[in-house]
Amino acid sequence: MAEQQVQPLQAQKHANIKIKNGINIEFLKSQHIVPVVAHEFARAANEFPLAFVKNNENGQFQAVALFGLEPGENLFVAEDKWTAGYVPMALTRYPLGLVKHPEEDSFGVVIDEASSLVNEEEGNALFDNGAETEYLTRRKEGLVSYVEFGRVTEAFTAYLAEKELLAQQTLTVEINGEKRDINGIYLIDERKIAELSDADFLELRKRGYLAPIYAFLTSTHQVARLARLKAQK
């Protein structure tokens, strides 16, 4: 797989660049977890188990969708095609991205020039006579929305951690009669949610956190789906 070549997007330099529709399957083949934002928990939960992983350096948690049962495994890619019915937002942004300017509170758009989706022959043009196309404007709006969704999700996750509603758990799956454990993940503790005081439960509702919590809890049933896919392979 080619290494990324991420460069600032410039009208002059990228005047003839087009982006093909689709996602970067080559990259995805080896991804067993991908970040998700709270706004997509309900849709993602219909396809994948959701979990939180902990950054041991700073202690922060990040919400992720599980695509495989072990590192380097993606059970939703078969014959170079994406087989799930939903694509997480983190993947649909590519090959564009936003980078924060170090000295000011603004962002610049970057593009991975090495992506197989980037070319000059086919796809959606980014510029027309030096001006942004409607396609690029839409894509940029999506990038900004994703950053905002990410901030909300960070606040949501930090609140769950602060209230000790996340618990480290091991998920056990059975594949062809053999039991496997998925370690190192954190789940929302359903028992602790049920034991919250009326005031704390009301606070969750006021913050708009109940919907993503319940969506997250329902996603655990998708672990069996991963086991089935693994057994089929």
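A114 is partly exposed, with a relative accessible area of 26%; buried means under 20% relative accessible area, exposed over 50% and partly exposed in between, computed with a 1.4 Å probe on protein chains only. The structure is a predicted model, in which local features need pLDDT of at least 70 and side-chain atom pairs count only at pLDDT 80 or more, while totals for chains, interfaces and linings use all residues. Residues are numbered from 1 along each chain as its sequence is written, and side-chain values use heavy atoms, with hydrogens and water left out.

A114 is placed in the loop between strand 9 and strand 10. Helices (H or I, at least four residues) and strands (E, at least two) are DSSP runs, numbered from the N terminus. A separation of 30 Å lies between the C-alpha atoms of A114 and A38, which are 76 residues apart along the chain.

Two strands pair if DSSP finds at least two bridges between them. Strand 2 (residues 18-19) and strand 11 run antiparallel and are joined by two bridges. The bridge partner of I19 in strand 11 is N124. Strands of a sheet pair through backbone hydrogen bonds, either parallel or antiparallel.

Antiparallel pairing is also found between strand 4 and strand 5, over five bridges. K54 stands opposite F61 of strand 5. The hairpin formed by strand 4 and strand 5 has six residues between the strands, and G59 in this hairpin takes a positive phi near 75°.

Strand 4 (50-54) and strand 5 (61-66) also contribute to the largest pocket: these two strands and helix 4 (134-162) each supply at least two residues of its lining. A pocket is defined on a 1 Å grid over the protein atoms alone, as an open set of points where a 1.4 Å probe fits, with protein on both sides within 12 Å along at least five of seven lines; lining residues have an atom within 4 Å of a point. The volume of the largest pocket is about 490 Å³, where a volume is the space filled by probe spheres set on the points, and grid points are joined across faces, edges and corners. The lining of the largest pocket comprises 20 residues, of which F61, Q62, A63, G150 and E154 lie nearest the centre. Helix 4 gives the most to this lining, namely seven residues. By residue class, the lining of the largest pocket holds ten nonpolar, seven polar and three charged residues. Ala, Val, Leu, Ile, Met, Phe, Trp, Tyr, Cys and Pro count as nonpolar, Asp, Glu, Lys and Arg as charged, and the others, Gly among them, as polar.

The second largest pocket has a volume of about 380 Å³. Its lining consists of 22 residues, and Q4, F27, A90, R93 and Y94 are the closest to its centre. Two or more lining residues come from each of helix 1 (25-28), strand 3 (33-35), helix 3 (89-92), strand 8 (96-100) and strand 9 (107-112). Strand 8 provides the largest share of the lining of the second largest pocket, four residues. This lining divides into 16 nonpolar, four polar and two charged residues.

Twelve aromatic pairs are found in a search of the whole structure. Rings of Phe, Tyr and Trp (its six-membered ring) pair if their centres lie within 6.5 Å; planes under 30 degrees apart count as stacked, over 60 as edge-to-face and the rest as tilted. The pair of F41 and F156 is edge-to-face, because the ring centres are 6.0 Å apart and the planes stand at 70°. F41 in helix 2 (residues 41-45) and F156 in helix 4 are 115 residues apart, and their pair links distant parts of the chain. F41 is buried at a relative accessible area of 0%, and F156 is buried at 1%. The rings of F67 and W82 also form an edge-to-face pair, with centres 5.3 Å apart and planes at 70°. F67 lies in the loop between strand 5 and strand 6 (77-78) and W82 lies in strand 7 (residues 81-82), so this pair ties together parts 15 residues apart in sequence. The relative accessible area of F67 is 0%, so F67 is buried, and W82 is buried with 16%. One aromatic cluster is formed by F41, F52, F156, Y159, Y209 and F216.

Q222 is located in the loop between helix 7 (210-219) and helix 8 (223-232). Q222 counts as buried at 15% relative accessibility. Not counting residues up to four places away in sequence, Q222 touches A45, N46, E47, F48 and P49, where contact means heavy atoms within 4.5 Å.
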